[in-house]
Amino acid sequence: MNVATPTELRIEGITKSYGSLLALDDVSLTIRKGEIYAVLGENGAGKSTLMSVLAGFIRPDSGSVKVAGKQLHLGQPMEAKRAGIEMVHQHFTLVPAFSVAENLALFAIGPLYRPLDSRAQAAPAVEMAAKLGWSVDPSAKAGQLPVGAQQKVEILKALSADAQILVLDEPTAVLSPAEVDDLFVVLRRLKDSGKTVILIAHKLSEVMRIADRVAVLRKGRLVAEAEIADVNEQQLADWMVGGVPSGLKKQPSLGSSGSLEVKSLEVKGERGEQAVRGVSFKVSTGEILGIGGVDGNGQVELAQALARVRPAEGSITWNGQELDGSVKLAYIPQDRQADGLALNMPVSDNLLIGGYKKKALRFGFLFKPKAIAHWAKELVARFSVATGSIQDPVGSLSGGNQQKIVVARNLDSTPELLVAFNPTRGLDIQAANYVHEQILKVCHEGAAVVLFSTDLDELAAIADRSLFMTRGKLVDRMEDALGSTV
């Protein structure tokens, strides 16, 4: 430990409750200037809550935060900004109808009496993108960008500011391996320039690569803090969840023989561009086909076409017949907040979006409230969703727990066809392992699965075979898809 390094940030005794749920319990951390500090923990462990306290978005029940010896008034985002703290959120803060330049300018806006020039005000962020090797179209609408590109814009917003403490909440969740490497190069440069980087993460291999020190939270409490040189992945996993889950095993399918077949599929994107170009493939029941590649090469449009939520030209058939509403289809979308959840509605109602046809929950056209409550509580328990009540708004849950709701709703009963897009995004080790087990289970019970994932480890873990998208087409090797963008 380098005791000569000055303290940049001191978090002391932070406690925060939401009703009966204790999100943070007397957490204290000391973070040094010019280091990369990782914060690990399961979904609902309190990581994002703690960082939101630091950034001024949440006022804790008790505790204090000091930056360079100066105590902050908590719950005031502008004071945190003036203290040099910037946070890249797990859920995007972009204005979908604005262009990239307008979003960047909105973040960098100065006194209101000055003329607004979005291109000029966005220029520092665009210059930063060029240094990273990221291609940024300032005129593109933010809401029409793929998730990975939106994440880059969020990161650029923070990097273009004069932040001394940069908080990144799961920044690599939707990035390809090459993009992660690029990001880590930038983080090391920031560290070398004397800036402090706090990284909320789930992937232990990434933490071991980039962090100087690490803290582990469990159920709102700090359970460990260590120099990264003094620990390994096994130790971190033990602190987080009690060990790394055992390897997954795929069982032979119990279902009848059948298949999904796609021929010469053409799909247009939001701006009318040709996003999918002549794609053909076949997936049998009891098989998991993985589709990877650099984000933004047509994966989203292909997934939406398979899920029958985006029009397409060409042929999509199930057992030789056109894929239609008679096929029991489950779809886990890429953007859980925009496409998968009604954030202001309760947890139980969000689950019911997938379960409303269950006969046990209905009496004719009427729902059975007690039966729904019992079913929802069982589903929440089975997928380990951290929530105080099934009546809590789903938007109040952490990102990982929101993802669990989407996954639970789709995997509660066995589909014939499952289209899953980054299903374990934002999930901790145990939760991701459980989701993989459930995907393998529905596959074993006879479903055909198309798994879209930016995580090569995930594809290697559960897919029977994988294809990769580049410029709207499918190729056999990831090497042929790297570095490509639409």
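Trainee: Which strand does E13 join by four bridges, with the two running parallel, at residues 465-470?

Mentor: This is a predicted model, so the answer rests on computed features. Residue by residue, Ile 291 stands opposite Leu 467. The two strands run parallel and are joined by four bridges, and the partner of E13 at residues 465-470 is E21.

Trainee: Which residue in E20 stands opposite Leu 289?

Mentor: Strand E13, at residues 288-292, also pairs with strand E20, at residues 448-452, in the parallel sense over four bridges. Within that pairing, the residue opposite Leu 289 is Val 450.

Trainee: How many of the five residues of E13 are buried?

Mentor: One side of the strand carries Ile 288, Gly 290 and Gly 292, the other Leu 289 and Ile 291, and both faces are covered. Strand E13 is accordingly described as mostly covered, and the number of its residues that are buried is five.

Trainee: Turning to strand E7, which residue of E8 stands opposite Ile 165?

Mentor: Strand E7, at residues 165-169, is mostly covered, with five of its five residues buried, and Ile 165 lies on one side together with Val 167 and Asp 169. E7 pairs in the parallel sense with strand E6 (residues 85-88) over four bridges, where Met 87 stands opposite Val 167. E7 also pairs with E8 in the parallel sense, over five bridges, and there the residue opposite Ile 165 is Thr 196.

Trainee: What is the separation between the C-alpha atoms of His 202 and Asp 295?

Mentor: Along the chain these residues are 93 residues apart.

Trainee: Are helices H11 and H12 roughly parallel or roughly perpendicular to each other?

Mentor: Helix H11 (residues 347-355) and helix H12 (residues 369-382) pack at an angle of about 95 degrees, with their axes 10 Å apart. Angles of 65 to 115 degrees count as roughly perpendicular, and the two helices are therefore roughly perpendicular.

Trainee: How many residues of the contact of H11 with H12 are nonpolar?

Mentor: The contact is made by residues including Leu 351 and Leu 352 of H11 and Trp 375 and Leu 379 of H12. Two of the contact residues are polar and none is charged, while the number of nonpolar ones is eight.

Key: Residues are numbered from 1 along each chain as its sequence is written. This is a predicted model: local features need pLDDT of at least 70, side-chain atom pairs count only at pLDDT 80 or more; totals for chains, interfaces and linings use all residues. Side-chain values use heavy atoms; hydrogens and water are left out. Axes are lines fitted to C-alpha atoms, for helices over the stretch in contact, and angles run from 0 to 180 degrees between N-to-C directions. Angles under 35 degrees count as roughly parallel, over 145 as roughly antiparallel, 65 to 115 as roughly perpendicular and the rest as oblique. Contact means heavy atoms within 4.5 Å. Ala, Val, Leu, Ile, Met, Phe, Trp, Tyr, Cys and Pro count as nonpolar, Asp, Glu, Lys and Arg as charged, and the others, Gly among them, as polar. Buried means under 20% relative accessible area, exposed over 50%, partly exposed in between (1.4 Å probe, protein chains only). Two strands pair if DSSP finds at least two bridges between them.
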